[in-house]
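Student: I would like to learn how to read a protein model feature by feature. Could we take strands, cores and charged pairs in turn?

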Amino acid sequence: MSDFEFLPGFEDVWRPPVRSRAVRPRAVLGKISGSASTRAKLARVVARTPEVMVKVTGRTRDPGHLAAHLSYITRNGELPATDRDGGDIRGAREVRDVAADWSALAALDGRRRASTPESVSMILSMPAGTDAARLLDAVVAFAAKQFGDRHDYLLVLHTDTGHPHVHLTVRAMGDSGERLNPKKADLEAWRQEFAEQLRLRGIAAEATPRRARGITRKAERTPVRKLRDRHEAGAGPLPEVRRFAYQEAGRAAFGGDTAPRPWETQLRTTQVRIRQTYVREAQILRSSADPQDRALADRVMAFVQSLPQPDSQRLALARELRKANRGIELAQAKPEGERSR
């Protein structure tokens, strides 16, 4: 394949929306090196290579909470755990000993407050069908590179759900007293590193922001989803944030409030810019003498044409409300004898 420069700023399409002023130096995302690397990443993106997930799931703040968490992820010691030194932690007693050691070290920190975490928990996962053994090996390498010289950790593979995933729990206080407090930039850097470790083991994986794939709606936050599930099961009130979202959607659906919100205008503008960048890059590739470049250009154009229209939670909920209302109206319009059928 030919070796030529891509559009200036092309890599910004894949750069996560992280404010530089809020990023610590060690968490700054690096640039992709060379046109070959950029081309390979572009090929993976337009092929819709599976995206990795790295998600912080919680923090433990006292010895009892930490012990219960480690017991949970190891299924009370029935599942083997791997520590920083590569050793196996097996059995409920060994798991309790690890929790006790971490808590004892946390207690020696004279600066520690009652709310200071003892550990940070995260999940690293891939879609169903991913080879579990290679996934575990990738997480072992990821954890060693990111935390091995600074923090103790335990990791446990779970294969009892629809997709294999690894629970990684890191001792919050590092060897030199540094506390682990991951920010958005850290999570994005971790996603990129995890994806790289998977690819080194023959698993197709990528880590790009949603907007680079045409996805403009954020996933519902886990606490809100759990509260909503409880509400739908009749065990609690509708979360306040969800109630406000339905009110906004109701005004859009039935109140004539169709004016786009500033964030909706911004996301549409961003999507136009991203799609135009892809198209311009495809035009450059089509001018190449190399048939592989021209074939990639065709895949890029097909990818752009397949991207969904920009959407927001407000507008999506408004469509759901209108659909539900039409269903009610149709049911009420039926003759009384047909309603009970």
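This is a predicted model: local features need pLDDT of at least 70, side-chain atom pairs count only at pLDDT 80 or more; totals for chains, interfaces and linings use all residues.

Student: When do two strands count as paired, and over how many bridges do β2 and β5 pair?

Tutor: Two strands pair if DSSP finds at least two bridges between them. Strand β2, residues 81-83, is joined to β5 in the antiparallel sense over two bridges. The strands themselves (E, at least two residues) and the helices (H or I, at least four residues) are DSSP runs numbered from the N terminus; the chain comes to eleven helices and six strands.

Student: In what order do the six strands lie in the sheet?

Tutor: The sheet is open, with antiparallel pairing, and its order is β1-β4-β6-β5-β2-β3. β1 and β3 (88-89) stand at the edges with a single partner strand each, so one side of each is left without a neighbour in the sheet. β4 pairs with β1 in the antiparallel sense over seven bridges, and seven bridges also join β4 to β6, again antiparallel.

Student: Which elements supply the largest nonpolar core, and which of its residues touch the most other members?

Tutor: A nonpolar core is a set of buried Ala, Val, Leu, Ile, Met, Phe, Trp, Tyr and Cys residues joined through side-chain atoms within 4.5 Å. The largest one has 25 residues, of which Val52, Met122, Leu124, Phe147, Leu168, Phe194 and Leu198 touch the most other members. β4 (119-125), α4, β5, β6 and α5 each supply at least two residues of this core, and the largest share, six residues, comes from α4. Another core lies apart from it, with 18 residues, among them Val45, Leu296, Phe303 and Val304.

Student: What is leucine 198 in contact with, once its neighbours within four places in sequence are left aside?

Tutor: Contact means heavy atoms within 4.5 Å. With those neighbours left aside, leucine 198 is in contact with Val52, Met126, Leu135, Ala138, Ile203 and Ala205. For the chain, residues 24 or more positions apart account for 74% of the contacts with a separation of 6 or more.

Student: How many salt bridges are there, and why does the pair of arginine 213 and glutamate 51 tie together separate parts?

Tutor: A salt bridge is a side-chain nitrogen of Lys or Arg within 4 Å of a carboxyl oxygen of Asp or Glu, and by this rule the count comes to 20. Arginine 213 and glutamate 51 form one at 3.4 Å, N to O. Arginine 213 lies in the loop between α5 (184-200) and α6 (222-232) and glutamate 51 in the loop between α1 (34-46) and β1 (53-60), so the pair ties together parts 162 residues apart in sequence.

Student: Are the partners in the salt bridge of glutamate 178 and arginine 150 buried or partly exposed?

Tutor: Their side chains meet at 3.6 Å, N to O; glutamate 178 is partly exposed at 30% relative accessibility, whereas arginine 150 is buried at 16%. In helix α5, arginine 191 and glutamate 188 lie three residues apart, about one turn of the helix, and their side chains meet in a salt bridge of 3.5 Å, N to O. Arginine 191 is buried at 12%, and glutamate 188 counts as buried at 15%.

How values were computed. Residues are numbered from 1 along each chain as its sequence is written. Side-chain values use heavy atoms; hydrogens and water are left out. Buried means under 20% relative accessible area, exposed over 50%, partly exposed in between (1.4 Å probe, protein chains only).
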